[in-house]
Protein chains: 2
Amino acid sequence: MTEPIADWETLAASKRSAVSKKIPLEWRLPSSLTSQISSTSTLNVLDVPRECGILTSNELDLTEKYDATDLVDLMSSGKVKSYDVTLAFCKRAAIAQQLVNCCTEIMFDEALVRARQCDDYLANEGKPMGPFHGLPISLKDSFNVKGTQTTIGYVSFLAHPPAASNSILVDILFRHGAVFYVKTNLPQSMMTADSHNNIFGRTLNPNKLCLTAGGSTGGEGALIKLRGSIMGLATDIAGSNRIPALCNGISSFKPTAGRIPFGRKVPPGRIGSPGSILPVIGPEGHSVRDYELFMRTVIDSEPWDFDENTLNVPWRRVELFTRPLKFGLIRGHPKRPLHPTIARALHSAATVLKEAGHSVVLLDDKIPDLYETGMLAYKYFMLDPKATPKQYVDASGEPWVPSIKGANFPELAGWKPSLDDVWEMNVERAKVLKVYHDLVVENRLDAILMPGYQATAVPHDTYGLALYTVLQNLLNYPAGILPYLQANRQLDEPFINKEANYEPLYDPDTFEGAPGAVQIVGKPMKDEELVEILKVVERVLNKP
Amino acid sequence: MTEPIADWETLAASKRSAVSKKIPLEWRLPSSLTSQISSTSTLNVLDVPRECGILTSNELDLTEKYDATDLVDLMSSGKVKSYDVTLAFCKRAAIAQQLVNCCTEIMFDEALVRARQCDDYLANEGKPMGPFHGLPISLKDSFNVKGTQTTIGYVSFLAHPPAASNSILVDILFRHGAVFYVKTNLPQSMMTADSHNNIFGRTLNPNKLCLTAGGSTGGEGALIKLRGSIMGLATDIAGSNRIPALCNGISSFKPTAGRIPFGRKVPPGRIGSPGSILPVIGPEGHSVRDYELFMRTVIDSEPWDFDENTLNVPWRRVELFTRPLKFGLIRGHPKRPLHPTIARALHSAATVLKEAGHSVVLLDDKIPDLYETGMLAYKYFMLDPKATPKQYVDASGEPWVPSIKGANFPELAGWKPSLDDVWEMNVERAKVLKVYHDLVVENRLDAILMPGYQATAVPHDTYGLALYTVLQNLLNYPAGILPYLQANRQLDEPFINKEANYEPLYDPDTFEGAPGAVQIVGKPMKDEELVEILKVVERVLNKP
């Protein structure tokens, strides 16, 4: 790295302006509306795309009435054009960007050209390009798209040229017909839950602007919730795929590490970690069957031929689950007690699952201390003696974003690991792994039902530790988030625990209306089964 | 550890004597024969079991005419009794022990009781116990068998009580009908290729006693070659399953790490390594179809339910390969040039494979420097700041065995790794991985044909570095050894390279008669395919 860039703010502003110019004038929201947008507003902007008049009625239908599986079917059969679908999602993403600041790179022109290619291919060849024929897919900024910059929110990365090649997964999806039209916002360093950096600023939560959109794949979360995307690609090493899902009220799926190719992405830190936690790619979106489409398509394309770190393990076809399922239930830790909305969501989910014939076994007093387990996991993120993310930040002179402060265990402040420490951490991890493994086997559990976080989306920069999501990364167990219920002062009131030290503080006004969620954790390498289990739970939770 | 045990030699002698007493008097070889046994003798003892008169003609047939698959079929159909098979292998193992010092623990009495149980089960239930019904299987000493000691050749471990439970794999095989009758010798610390320690002494090569039996699973190699075992369980982190196979002239199979449960074994060093090389269990034996039986049986029994570190990946049924195969060919490194016998074996194997319709692509100048790659791999074995194996040795006052000296890269003498070094090693490893991956994919290779070592079995304590086997551990590619040809002064002569600096030195007299071998390397997680490829190669190489 060379010496700090004198004027990082000008550089960042110039990048924002270049991106902003890619939104056509006719897709701009009136300033009467945009002037209300702020990170302290309690505004819910979910209805703006429908009400602002920028999308036609058909475009509203295309973006709202279907999931990805439906859309691909419609396009593959020629009933709907990829061009029309892509245009509709470009418009809606442009609106989302103006509302919640969720995008980093805008590729509308390229996407519309590509969509026409898909339509032409179908017309000329009489068959779709593949299982993603014509489908617009949004991407976390850390994915490389040839010809587009990948800055991942480091000002110093503004000096990088546009990507010379696609990420491996982008290549695979492209070959199967996908259309790429936006990349989305993420936190500086990717290690906080607020998608906020000094290039692109902060992504807001469309349900309530004063709340966090989550992170690190928070741009996706907000964009997808506004239906500016039907499905987006996230990554996850401590919850980055799941936190935005639970904050925004959408669903997501984090597979077992090694099943989806991770190659040719831009990492926020040093490569070559000797840690035991691997990053994972997984989708955020609207329906579990879309995640099955994603997993099946990617793995059927034999990604291990393109990425030496992808496990050569075929996607198994499993039967729909019709038998009663058995869930373990984890209800949280006293140091991060569940906010009333989440306590109610979890209680209600367990109740309706039991009513639907499934069974639930309480695991609370059988698992290792969740706070300690989380701290162990976070240690694995601190193994770089070179502190590479700090170098990337320092290189431009930009400051750290404020949420970084609360994003680590205070007990670990100043901790400098030795090689010997890593041996001991691995022994600790092995013990945790064995307890969960044995609990699952001995109780014949199909999955674990637990919170993804102790609260709904919280005010900006107060998310803190990702205790309830980092666990599955430490274990390398697949997991999914399903949206469920929302904060409701009246309904939540009976779930208030007077003894609890809520962190962040619980104040019903702050959270009113924020979406709730539950997390379902599967068994390692049983991603196929977890998808089916998620379908069952999705159906049960959505029953009127 | 407490202070050194004053008289380690007495302790070791007492253990040896206790083991030796478990060989019945009527199975003892005459002193006229045993007096000829020494580590400097050029004697080939392969015919002793047949000629010594201890086994009946039927017992000779049972131990010589079949592979494990055959024997299980005969026992499962009731044509042959497990008791008779077990007795025959106990006798033959007793003979082997007297000839080449290959056993550590003798469990003949327990085995014969167990064999009767298997026979009774079949008689009473009308069905076999499982796919290993009644089959005697030998075990490297590091496997735990309840009630038997696991000293793994550390004098200080003589203070340990007998194992309180079985290794997970032992449990699984037991449940499927296996009979355990001996544990076998290995090197002090398991990190040299001479199966030699201060408790049990040195295992000799039955083909020529002055040559090494290999290691670390050398007791198995020698025992199996003498047909004192039909199949034995080895481990491999640098070649420990393959080196004894190529030294003794038998075959072996090292699967991808994580497919066979490794739990509840006794490790020679510290657990919790942050290194990128995982130990693997694989069988040594007489026929590739036996390895398929082993892999299928173990993985079909869902070992991930018993071992949290085993990958939940079912054993796939793959078709027999009838199409022509494509092999990459690696012929070695100038720092460890191939001895004439191995050069001839490799040349001949490539030739007969081509004659059989397969194709061979030379990879020599496309791969990363094999010596450097080997050194990188060895660094991963040096990551323990506590030097735990040294502590285990020092605890008793026993000296290091002599082969330890040559078992490491001189360039790494005194190297003390830092946490930062491990990051850099991982980056180096990633590069090596990518080159091999891309070569395999771009050339559409089914497998790689290469040496398992630069020589045949070599004189004791001269094996040196395991360059050609540690590569597959670094890559985590599965691999197998197939025996092929033998050292023959006349036939080898044209393969002498006058320019080569042979290490160890090549002297035709020393090696005459030693078995040759080739190594076949498969693709990661494609253990199923590698087994089928090995069957094809086994057939081609054995064609008269």
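Analyst: One term to begin with: contact, or touching, means heavy atoms within 4.5 Å. Also keep in mind that this is a predicted model.

User: Fine. What does A:Gly328 touch, leaving out residues up to four places away in sequence?
Analyst: A:Gly328 touches A:Val361, A:Leu363, A:Leu445, A:Ala447, A:Ile448 and A:Leu449.

User: And where does A:Gly328 lie in chain A?
Analyst: In strand β9, which covers residues 326-329.

User: Is A:Gly328 buried or exposed?
Analyst: A:Gly328 counts as buried, because its relative accessibility is 0% and the cut-off for buried is under 20%.

User: How far apart are the C-alpha atoms of A:Gly328 and A:Asp446?
Analyst: They are separated by 8.1 Å, although the two residues are 118 residues apart along the chain.

User: Next one, A:Asn443. Where is that found?
Analyst: A:Asn443 sits in the loop that runs between α15 (419-442) and β11 (447-450) of chain A. A:Asn443 has a relative accessibility of 16%, so this residue counts as buried too.

User: What does the side chain of A:Asn443 reach?
Analyst: The backbone oxygen of A:Leu439, at 2.9 Å. Leaving aside neighbours within four places in sequence, A:Asn443 is in contact with A:Lys326, A:Val361, A:Leu363 and A:Asp438. A:Val361 and A:Leu363 are also among the residues that A:Gly328 touches.

User: Switching topic. How is chain B laid on chain A?
Analyst: By a turn of 180° and a shift of 0.0 Å along the axis, with an RMSD of 0.0 Å. The two copies are therefore related as by a two-fold rotation axis. The same surface serves both copies, as 100% of the contact residues of chain B recur in chain A.

User: Which residue of chain B comes closest to the rotation axis?
Analyst: B:Leu419, whose C-alpha is at 2.4 Å.

User: How much area is buried between the two chains?
Analyst: About 3200 Å², with carbon and sulfur atoms giving 64% of that. B:Leu419 comes up again here: together with B:Glu308 and B:Trp423 it supplies 25% of the area that chain B buries against chain A, more than any other three residues.

User: How many residues are in contact there?
Analyst: 37 residues of chain B with 37 residues of chain A.

User: How many salt bridges across the interface?
Analyst: The rule finds eight. One pairs the side chains of A:Lys386 and B:Glu424, at 3.8 Å from N to O. There are also 14 residue pairs in polar contact across the interface. By class, the side of chain B that touches chain A has 19 nonpolar, seven polar and eleven charged residues.

Technical notes:
Residues are numbered from 1 along each chain as its sequence is written. Chains are lettered from A and ligands numbered from 1 in the order in which they are written. This is a predicted model: local features need pLDDT of at least 70, side-chain atom pairs count only at pLDDT 80 or more; totals for chains, interfaces and linings use all residues. Side-chain values use heavy atoms; hydrogens and water are left out. Copies are superposed by least squares on the C-alpha atoms of residues with pLDDT of at least 70 in both. Buried area is the accessible area (1.4 Å probe) that two parts lose on being put together, summed over both. A salt bridge is a side-chain nitrogen of Lys or Arg within 4 Å of a carboxyl oxygen of Asp or Glu. A polar contact is a pair of N or O atoms within 3.5 Å; within protein, one must be able to donate a hydrogen and the other to accept it, and residues adjacent in sequence count only if both atoms are side-chain atoms. Ala, Val, Leu, Ile, Met, Phe, Trp, Tyr, Cys and Pro count as nonpolar, Asp, Glu, Lys and Arg as charged, and the others, Gly among them, as polar. Helices (H or I, at least four residues) and strands (E, at least two) are DSSP runs, numbered from the N terminus. Buried means under 20% relative accessible area, exposed over 50%, partly exposed in between (1.4 Å probe, protein chains only).
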